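Hi there,

Here is the structure I promised to pass on to you. Please have a look at it first, and then read my notes on the spaces inside it and on one spot at its surface.

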Amino acid sequence: MEFAELITTPNLDRVILQDPSNNTIEGTLCITGHHLILSSRNDTIPAQEIWLLHQSIDHVEKKLSSTNNGGLIIIKCKDLRNFQLIISNTDDLLNVYTSLERLANLDKTQLLYPFFYQPMYTILEDGHTLFKPELEFSKLLKSDDWRVTHINSDFSICPSYSATLIVPKSIDDDVIASAATFRDGGRFPILSYKHDNGAVLLRSSQPMLNNSNRRSRADEKILNAVLGQSRKGYIIDTRSANYANNCKAKGGGTEPDGHYTQWKRVHQGMDKISKCNGSLLDNLGKLVDACNDTNCSSDKWLSKLESSNWLSHVLNVLNGACLVAQCLDQDGATVLVHGSSGLDSTLLVTSIAQIILNPDCRTVRGLQALVEREWLQAGHPFQLRNSKFCFSSSRSKYQQPTFLLFLDCIYQLHYQFPCSFEFNTDMLILLFEHSYFSQFGTFLGNCEQDRLNLNIAKHTTSLWSYLNRPDILTSLLNPLYEPNKGPIWPSVAPVSLVLWRDLLLRWIIESPAKKVREKITIILEKHKEVRSQVIKIRKSLMEAQKEYEELYNESCKEKNDGDVHVESE
């Protein structure tokens with residue numbers, strides 16, 4: 001299929017665009033295979049150009065004028081921007097509307113922009129191969145407890161897991177293959193993180209009991225093989241007890257207590273996230289509506305914010321992650337986390353727990369590795385979950401902003417511990433945007449198998465290759481960063497949570513964050529200069545002190561020599 005077949009009006013003059021700040025630009029509209037471009041050419045003001053990636057468009061709406069020819073096209077984007085196109089001719093308006101509808105909803109992944117994007121800079125490192133499991137767990141693999149298995153190299157054991165997996169050395173591949181048949185989607189218990197004290201964090205999907213108390217000795221063997229010295233473990237089920245019981249009717253459920261006697265099960269009710277039924281996206285839509293309503297009173301605005309329930313989800317995830325972190329850090333116990341499919345609430349809890357416990361995950365490189373390990377390689381279906389945003393009228397229940405919820409939880413931790421993160425919150429916003437639309441191939445596909453079939457590594461550029469360029473990396477660094485080697489324990493009281501205004505309000509009110517960071521950077525630079533001067537002055541004083549002492553000693557010696565000479569006479 002050629003893009004030309006989808007574009008009925010490639011160029012149109014005298015189009016007026018209104019941006020989120022209500023600025024208007026009149027110029028020529030150009031529609032290409034991947035971009036909407038509005039270019040103004042005016043002798044009185046400098047030329048302006050706006051580029052909008054079709055993949056960033058979530059909803060297109062047309063409003064025909066009831067009195068005149070033409071009308072409006074309203075474009076709502078996945079990065080929360082809203083644009084209006086004012087077109088004076090009705091036929092042209094309908095042609096532009098149809099073209100945008102087609103190009104914003106391409107079915108074939110290979111037609112998306114990452115397969116056509118050519119970077120205009122030198123690739124310093126290949127981000128596609130930067131965080132391989134063998135490299136990420138290299139220290140762990142030197143021990144006698146863990147090994148690499150390629151049993152899933154053809155993705156027959158678990159389609160959503162990666163081809164290379166880290167498993168207990170005492171467990172052979174036959175046991176793994178058997179255990180996979182006991183878990184939803186084949187997602188058997190797998191290593192997520194090993195804490196400094198030796199406690200292990202695992203993740204999986206729910207057991208498939210098939211409406212009976214079916215057991216799996218292979219599954220039990222894997223779990224018992226990773227129990228620490230305490231010989232006890234916790235199963236953190238991200239579903240409420242009621243919802244877990246309801247899952248039994250569909251063949252799922254919870255581990256039979258009689259066969260997991262060394263494990264204590266704790267339920268954490270994140271049902272709306274686990275169900276993936278569209279309610280989380282509805283909650284985000286209510287939150288965005290509240291943020292866009294600039295005319296209501298403060299009381300009504302706070303009421304709308306609360307009724308969105310978005311921050312309640314943030315609170316639930318932080319509570320679950322803190323519980324997991326406490327079991328690992330304070331009890332020294334092994335923890336298994338799962339919900340239903342193991343693709344949403346499970347990954348939220350395991351990844352946030354690692355940010356709480358592991359200082360490496362609070363660095364730029366560490367966050368990239370965490371996203372790669374706990375989301376991309378773990379099989380979170382990005383292309384399915386993020387194909388639509390909260391504005392779309394054609395979304396399905398499988399679309400859900402799970403990854404955005406993860407980023408919001410990091411933002412809350414960053415807000416409470418602003419000196420413990422090497423990166424600033426701009427990096428979180430970048431990750432949000434690129435997970436929905438991007439020139440890079442990192443978030444394409446729903447699992448590693450998809451990305452291999454699409455040959456992503458060969459045909460696209462990695463987001464990590466871009467972010468790790470020195471000029472980009474510098475802009476993502478937190479000037480207040482002071483490495484903190486210990487855990488960070490957040491307050492999970494509702495009053496401690498804040499609205500992520502740098503993201504949600506950035507097109508509505510000007511954020512002071514960038515200016516504040518610039519001022520902090522200037523202050524720190526001056527502090528650095530003053531410290532340098534102090535060190536130089538201190539060094540000069542020490543040299544002067546040393547010279548004085550040498551002169552004083554020499555003077556004393558000459559005086560003593562003179563006294564001896566007088567006495568001898």
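First, a definition: on a 1 Å grid over the protein atoms alone, a cavity is a set of points where a 1.4 Å probe fits but cannot get out, a pocket is an open set with protein on both sides within 12 Å along at least five of seven lines, and lining residues have an atom within 4 Å of a point. Grid points are joined across faces, edges and corners, and a volume is the space filled by probe spheres set on the points.

This is a predicted model, in which local features need pLDDT of at least 70 and side-chain atom pairs count only at pLDDT 80 or more, while totals for chains, interfaces and linings use all residues. Residues are numbered from 1 along each chain as its sequence is written, and side-chain values use heavy atoms, with hydrogens and water left out.

Now the cavities. The structure has five of 30 Å³ or more. The second largest cavity holds about 50 Å³ of space. Its lining has 13 residues, with Val167, Pro168, Pro189, Ile190 and Ile222 nearest the centre. β9 supplies the largest share of that lining, three residues (helices, H or I with at least four residues, and strands, E with at least two, are DSSP runs numbered from the N terminus). What classes line the second largest cavity? There are 13 nonpolar residues, no polar and no charged ones (Ala, Val, Leu, Ile, Met, Phe, Trp, Tyr, Cys and Pro count as nonpolar, Asp, Glu, Lys and Arg as charged, and the others, Gly among them, as polar).

The largest cavity has a volume of about 150 Å³. Among its 14 lining residues, Ser162, Leu165, Ile190, Leu191 and Arg203 lie nearest the centre. Two or more lining residues come from each of β9 (165–168), β10 and α12. By class, this lining has eight nonpolar, three polar and three charged residues.

Next, the second largest pocket, with about 720 Å³ of space. Of its 23 lining residues, Glu136, Lys139, Tyr193, Asn358 and Asp360 are the closest to the centre. α12 gives the most to this lining, four residues. At least two residues each come from α3 (138–141), β10 (190–194) and α12 (364–376). The lining divides into eight nonpolar, seven polar and eight charged residues.

Finally, tryptophan 507 sits in the loop between α20 (501–504) and α21 (513–568).

Happy browsing!
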